[in-house]
Amino acid sequence: MESVKNLDIERFMGKWYVISSIPNFAEKGCVNAYDIYTLNDDGSIDIQYYADKNGKPFRISQTGFIKDNINKSSWKIKFTSPWIPLYSAPYEVIILDHINYQY
């Protein structure tokens, strides 16, 4: 699938519920998940992932790096906690309500 065009990165920041995803190894078994995105001064994105896993609160800290500076909807994600060296994951925004940024 192609990522969305012309993502307004500042408008995209905030809390987003995970409706559908291909879970990585750390997210397997998670329910009620959401992310909080915060744009950093250097253009990277602080990502805090929250969920319930095995009946307990679960959190992953990540940093996103925009790969496509035109559309801003393709990112590379690195885990910061738990820290996993040399691992990065792709992140693609493939569906977006361009008017209200509600989904």
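The side chain of aspartate 35 makes a polar contact with the side chain of tyrosine 37, at 3.2 Å. A polar contact is a pair of N or O atoms within 3.5 Å; within protein, one must be able to donate a hydrogen and the other to accept it, and residues adjacent in sequence count only if both atoms are side-chain atoms. Heads-up: this is a predicted model, so local features need pLDDT of at least 70 and side-chain atom pairs pLDDT 80 or more, while totals for chains, interfaces and linings use all residues. Residues are numbered from 1 along each chain as its sequence is written, and side-chain values use heavy atoms, with hydrogens and water left out.

**Exercise 1.** Work out which side chain of opposite charge is nearest to aspartate 35, and how far away it is.

*Solution.* 
- Start with the location: aspartate 35 sits in strand β2, residues 30–39. Strands are DSSP runs of E, at least two residues, numbered from the N terminus.
- For the charges, Lys and Arg count as positive and Asp and Glu as negative, with His and chain ends not counted.

**Exercise 2.** How many salt bridges does a search of the whole structure find?

*Solution.* 
- The search gives 1.
- Glutamate 2 and lysine 5 form a salt bridge through their side chains, 2.4 Å from N to O.
- Now check exposure: glutamate 2 is exposed at 57% relative accessible area, while lysine 5 is partly exposed at 42%.

**Exercise 3.** Find the order of the 6 strands in the open sheet.

*Solution.* 
- Read off β1-β2-β3-β4-β5-β6, with antiparallel pairing; two strands pair if DSSP finds at least two bridges between them.
- β1 (14–17) and β6 (83–92) are the edges with a single partner strand each, so one side of each has no neighbour in the sheet.
- Zoom in on β4 (residues 56–66) and β5 (residues 74–81), which pair over 6 bridges. Phenylalanine 65 has lysine 76 in β5 as its bridge partner.
- Isoleucine 60 also lies in β4 and is buried at 0% relative accessibility.

Note on methods: Helix = DSSP H or I, 4+ residues; strand = E, 2+ residues; numbered from the N terminus. Buried < 20%, exposed > 50% of the residue type's maximum accessible area, 1.4 Å probe, protein only. Salt bridge = Lys/Arg side-chain N within 4 Å of Asp/Glu carboxyl O.
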